[in-house]
Amino acid sequence: MGDETRIHSSNLELNGETFTIEVFSSASGRFFAKTCLGEGDVIITDGSTPHDVLKKHEDLLPLAVGTREITQSYLGLPVRGRRLRA
């Protein structure tokens, strides 16, 4: 990223796994939320207010996690372990 400031951090539990959501403010006045789903696998959403971006991220995160689990299963890859994702 670049010149951003973290303004919020919270956890969301999905199917026994806890994911950390971090919300940042950019120098341009935009906001974005970020969650690491695995090594080199990050989901980022953006928005115009911290509340909007957090809500959007919380709504999209279950879909992103579920899609990755289905893909891993289909490809015969090991599914991630149950642990905290920062």
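This is a predicted model: local features need pLDDT of at least 70, side-chain atom pairs count only at pLDDT 80 or more; totals for chains, interfaces and linings use all residues.

Reply: Residues are numbered from 1 along each chain as its sequence is written, and side-chain values use heavy atoms, with hydrogens and water left out.

Me: What pattern does the chain follow along the sequence?
Reply: Helices (H or I, at least four residues) and strands (E, at least two) are DSSP runs, numbered from the N terminus. The chain has one helix and five strands. Read in sequence order, the pattern is β-β-β-β-α-β.

Me: What share of the residues in the chain is buried?
Reply: Buried means under 20% relative accessible area, exposed over 50%, partly exposed in between (1.4 Å probe, protein chains only). The chain has 86 residues. The buried share is 35%.

Me: How many residues of β2 are buried?
Reply: Strand β2 covers residues 17-26. Strand β3, residues 31-38, is mostly covered, with six of its eight residues buried. β2 is mostly covered too. Of its 10 residues, the buried ones number nine.

Me: How many bridges join β1 to β2?
Reply: Two strands pair if DSSP finds at least two bridges between them. β1 spans residues 4-14 and runs antiparallel to β2. Glu-13 stands opposite Thr-18 in β2. The bridges number 10.

Me: Which residue in the turn between β1 and β2 has a positive phi?
Reply: These two strands form a hairpin with two residues between them. The positive phi is about 50°. The residue is Asn-15.

Me: Which residue in β3 is the bridge partner of Phe-24?
Reply: β2 and β3 pair in the antiparallel sense over four bridges. In β3, Lys-34 is the bridge partner of Glu-22. For Phe-24, the partner is Phe-32.

Me: Which residue takes a positive phi in the hairpin of β2 and β3?
Reply: This hairpin has four residues between the strands. The phi is near 90°. The residue is Gly-29.

Me: Which residue in β4 is the bridge partner of Phe-32?
Reply: β4 covers residues 41-47 and runs antiparallel to β3. Seven bridges join the two. The partner of Phe-32 is Asp-46.

Me: What is the phi of Gly-40?
Reply: β3 and β4 form a hairpin with two residues between them. Gly-40 lies in that turn. Its phi is positive, about 75°.
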